[in-house]
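Me: I've got a new model open and I'd like to learn how to read it. Can we walk through a few features together?

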Amino acid sequence: MAAETVAKAGHRIVIVEQMPSPARKFLMAGRSGLNLTHSEPQEHLLDRYGLARPWLHDALTSFSAQDTIAWANSLGQPCFTGTSGRIFPKSMKASPLLRAWLARLETLGVTLRTRTKWIGWNTTTLTLETPNGPETLVASAVILATGGASWPRLGTDGHWTHALPPETIAPFRPANCGFTTTLPPELHTEYAGHPLKRIALTFSGQTTRGDLMLTPDRLEGNPLYLLSAPLRNTIEHTGTATLHLDLRPDLTPEAAQERLAATRPRESLANRLRKAYRLDPLHRALLRTALPKNTPDTTIATTIKALPITLTAPAPIDRAISTAGGLRQSALTPDFMLIGRPGTFAAGEMLDWEAPTGGYLLQACLATGKAAGQAAIQWLAQTNRETS
Ligand SMILES: Cc1cc2nc3c(=O)[nH]c(=O)nc-3n(C[C@H](O)[C@H](O)[C@H](O)COP(=O)(O)OP(=O)(O)OC[C@H]3O[C@@H](n4cnc5c(N)ncnc54)[C@H](O)[C@@H]3O)c2cc1C
């Protein structure tokens, strides 16, 4: 987005990408449906960036969700709004959008150099590692968009942090990730890959809904990712975090009590749970972890609505969807220029903000890319330098 913005202003652009092909994480994001942005009112959308809201406010206001939709449309990818309010291209995939985007960049004269790694500066020139050995590159302005540190095999290895002063970087932490639990390991093994459908999760006053999945060593799923920042922060401070799982969110607590009371007490508990709540074996196995034998019906019904699950650690950073941490706001001017390196700008997930899944990640990457591009154009005009 930064390259597109600056190239449209008539400057010559070289994109340096260390992988053999560009945008591998963007393509990966499209594997399960490319969620480009969100349709909720702008004020709510801004709130998703938490403490970074004031920092990102101007960029997200200048390039809003509507602008993202219009931009995708201009690349031949009309969008639709899903039932959850999330916005996707109709094709659901990233590849058609990326193909059209790369073609547009080529038309704008942008050069893409793959297998080329930026490793730092030699005073003012950029130093690169290329298949033909080390090289330098002189540029009148530079925009860094080297991403976070999750999924390093897609190119986002976070090594760029070595090229910048350590005090300008907040350590990377996993975001939008699964968690290890204190559930019995055999339960993880037996039910790995089984979904927990249409549940609600509550932590620290926030409730999310959707499907969860047990894996051999973690609990995963969108409703958990949405709570991952407060869960991770609590684990960092206290060692564990306990969330509450509502197995039947559409039942009121009273209805949950009545349904169990309507079953025959002489039947096995498994049968009563199946009949009262249509609980499947995974639900029942989870309940057993929280209910000692001969638990009274009232407690069982309460637990159906608030089953405690204790989490002990977030997934490792390389398995997280995104990362918190990166280049600190204090290291940048309000228009994303590195204070210590005039003429160098930064955008995207490499900046120290985080947001839940829901299209907020790509929305902020596109918006900060646009803002950094516009700031670079202004800087070039002020310093009257032409790109080379
Ligand atoms: C499985 C998965 C699903 C996702 N789904 C969604 C979704 O549906 N919606 C959403 O909003 N977000 C989603 N995301 C997150 C989203 O993909 C990222 O937030 C976004 O791609 C970040 O964009 P970026 O341009 O800042 O960095 P990246 O897309 O990470 O790109 C950075 C690029 O810089 C290159 N690079 C790094 N260091 C160097 C260097 N030193 N020299 C040269 N090149 C370098 C990397 O190879 C990479 O190509 C998903 C992520 C994952 C992993």
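Predicted model: local features only at pLDDT ≥ 70, side-chain atom pairs only at ≥ 80, totals over all residues.

Me: What do I look at when two helices pack?

Reply: Two packed helices are described by the angle between their axes and the distance between the axes. Here, take helix α4 (residues 53-62) and helix α14 (residues 360-383): their axes come within 8 Å and cross at roughly 80°.

Me: How would you describe the orientation of α4 and α14 to each other?

Reply: Angles of 65 to 115 degrees count as roughly perpendicular, so α4 and α14 are roughly perpendicular to each other.

Me: Which residues make the contact?

Reply: On α4, look at L56, A59 and L60; on α14, pick out Q363, A364, A367, T368 and A371. Sorted by class, this contact of α4 with α14 has 6 nonpolar and 2 polar residues, with no charged ones.

Me: How many bridges join β3 to β4?

Reply: There are 3 bridges between β3 and β4 (residues 86-89), and those strands run antiparallel.

Me: What is E349 in contact with, beyond its neighbours within four places in sequence?

Reply: Its contacts there are G147, G148, S322, T323, G325 and C365. For T323, check the backbone nitrogen: it sits 3.0 Å from a polar atom of the E349 side chain.

Me: And T357, where does that one lie?

Reply: T357 is also in the loop between β18 and α14. With a relative accessible area of 10%, T357 is buried.

Me: Which residue's side chain joins that of T357 in a polar contact?

Reply: That's N222, with a polar contact of 3.1 Å between the two side chains. Leaving out residues up to four places away in sequence, T357 touches R86, N176, N222, Y225, L226 and I321. R86 falls within β4, whose residues are 86-89, so you can go back to the sheet from here.

Methods
Residues numbered from 1 in each chain as written. Heavy atoms only, no water. Axes fitted to C-alpha atoms, helices over the stretch in contact; angles between N-to-C directions. Helix = DSSP H or I, 4+ residues; strand = E, 2+ residues; numbered from the N terminus. Parallel < 35°, antiparallel > 145°, perpendicular 65-115°, else oblique. Contact = heavy atoms within 4.5 Å. Nonpolar A, V, L, I, M, F, W, Y, C, P; charged D, E, K, R; others polar. Pairing = 2+ DSSP bridges. Polar contact = N/O pair within 3.5 Å; in protein donor to acceptor, adjacent residues only side chain to side chain. Buried < 20%, exposed > 50% of the residue type's maximum accessible area, 1.4 Å probe, protein only.
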